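Visitor: I'd like to go through this one a few spots at a time. Show me the model and we'll start with a single residue.

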Amino acid sequence: MKKQSEIIGGELEVLRAEITTLNELEEPSDEDIERAETLLEEWTTRKTAYDKAVKREEQVAEVLRASLQPTQVEPTAPRRGPEIMRQVDPFDNNDELHRSLIGRANFSPEDVISRASAAVEQAPRHVNDRAKERLTELLELDNVHAPLIARHMLLTGSPEYHEEFRDYVKSRGYRVGEAMRAALSLSDANGGYLVPFTLDPTIILTNAGIAGPLRSISTIKTIATDTWNGVTSAGVTAAWTGEGVETADATPTFGQPVITPKKADAWVFGSYEVLADSGFAAELGRLLADAKVRLEEAAFATANTGATIPRGVVAAVQAVTASIVTAAATNAFAVGDVYNTSDALRARDASQASWIANKKIYSLIRRFDTSGGGSFWTNLGMGVPNQLLGQNQYECSTMTGVVSTGANILLAGNFAEYYIVDRVGMSVLYDPIIRSTGNNRPTGQAGWYAFWRVGADVVDASAFRLLQLNQVAAATALG
């Protein structure tokens, strides 16, 4: 059995992590400041309880040492009673769990994670095995986010919460039950009703149908705080040293990339008849996932850095001159440019590299050689091959398919160095009356406004090489 001091100590570590995160914010909001004050008060309370627990355990240990002297204890045969297995409901005491960061004294981080793991196993049938594997991965994160994600899952996954969410959808937003109110504590500024975790595309990436090329090949981080803070290093450089010669300083330098999730939103609407007659609550996750992937994939590919948009991989690599490969000839795109782009990758990245480009660029590469020579890629009747120069290729429709001055048409690299950071939790708000733009009259439709947060950036631009076309006289469509 875990000691009380260990349980409270785990709570203190989680509190310490969130206090540190809030303290490092350059421009904290009023809500951040209020949250930090609340956490400091809870730290003081739990620290006092921790000190008392440690003192009590020391006293108990002293008593046991005194009573277990060999001359004072007679051996007795162990007594065993019948073993009883109990089926524990992971959603018990949710009303207590939502009142604090990870609960009161009865809840440790390990306990919350264990309960969430049981909730995953009991998830509805529409949560398939791949989705459950994804949820388990989130719970096994070795950082501060795991217990926070587990808490989110417990408060939005109970049968009562599912039922109230379905009622909320059917009643068009007018009913808010106790379970729904409890989960509101997880939403920033209580701005919306959280989608149950079994429908939430910010958590169940595989189940919700998000299979865009960049999400499938990049590194995905799921967090429960406002920012993701990482550490990068170029590594240690070794050297040959002669006898009696002072060794060189090989201490590595470290970088600290920070990725802040940006808010995105989607609008889903339909007629009153559709909302009343269909299983809209069950379909909401799929509809939102479709809107989510279309919005995000465009940003992940080419969006430039900004205050409201995640940074796209092409824009991030383009900003580093050493990662750009310029086409060899003016007004031309030739097979040699493809080889030069691949050859420019670092040795450590080449074996893990992938290509992304518009389908029109791949079509042009297929036309480099139609006679079966060394540059021949495939026959006209075949689909686009899975690999280019031994490296996997993926179609990215948001990249340009037009040859023009300075166009970035082909990207190769180790996409494990492109991080997509999901802030756990998607919220929805209901608008019961949609009005026409002309006469401002009701249209007999209602809609749902969903919002979530996601960020992205390259943590090592040297792992990529971007082919940039030389001075081309006029734009030419690749048909």
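Visitor: Is leucine 389 buried, partly exposed or exposed?

Guide: Ground rules first: this is a predicted model, where local features need pLDDT of at least 70, side-chain atom pairs count only at pLDDT 80 or more, and totals for chains, interfaces and linings use all residues. Residues are numbered from 1 along each chain as its sequence is written, and side-chain values use heavy atoms, with hydrogens and water left out. Buried means under 20% relative accessible area, exposed over 50%, and partly exposed in between (1.4 Å probe, protein chains only). Leucine 389 comes in at 36% relative accessibility, so its class is partly exposed.

Visitor: Where does leucine 389 sit, and what is its phi?

Guide: Helices (H or I, at least four residues) and strands (E, at least two) are DSSP runs, numbered from the N terminus. On that scheme, leucine 389 is in the loop between strand E10 (387-388) and strand E11 (391-395). It isn't a glycine, yet its phi is positive, at about 55°.

Visitor: What is the phi of asparagine 440?

Guide: Asparagine 440 belongs to the loop between E14 and E15. With a relative accessible area of 49%, it is partly exposed. This residue is not a glycine either, but its phi is positive, near 60°.

Visitor: Which residue does the side chain of arginine 215 make a polar contact with?

Guide: Arginine 215 lies in helix H9 (residues 213-217), and it counts as buried because its relative accessibility is 7%. A polar contact is a pair of N or O atoms within 3.5 Å; within protein, one must be able to donate a hydrogen and the other to accept it, and residues adjacent in sequence count only if both atoms are side-chain atoms. At 2.8 Å, the side chain of arginine 215 makes such a contact with the side chain of aspartate 422.

Visitor: What end-to-end distance does helix H1 reach?

Guide: H1 (4-23) has 20 residues. The expected span of a helix is 1.5 Å times one less than its number of residues. H1 is close to the 28 Å expected, since from its first C-alpha to its last it reaches 28 Å.

Visitor: Which strand gives the most to the lining of the second largest pocket?

Guide: On a 1 Å grid over the protein atoms alone, a pocket is an open set of points where a 1.4 Å probe fits, with protein on both sides within 12 Å along at least five of seven lines; lining residues have an atom within 4 Å of a point. There are 23 lining residues here, with His145, Thr227, Trp228, Asn229 and Gly230 nearest the centre. H1, helix H5 (129-139), strand E2 (219-223) and strand E3 (228-229) each supply at least two. With 4 residues, the one giving the most is E2.
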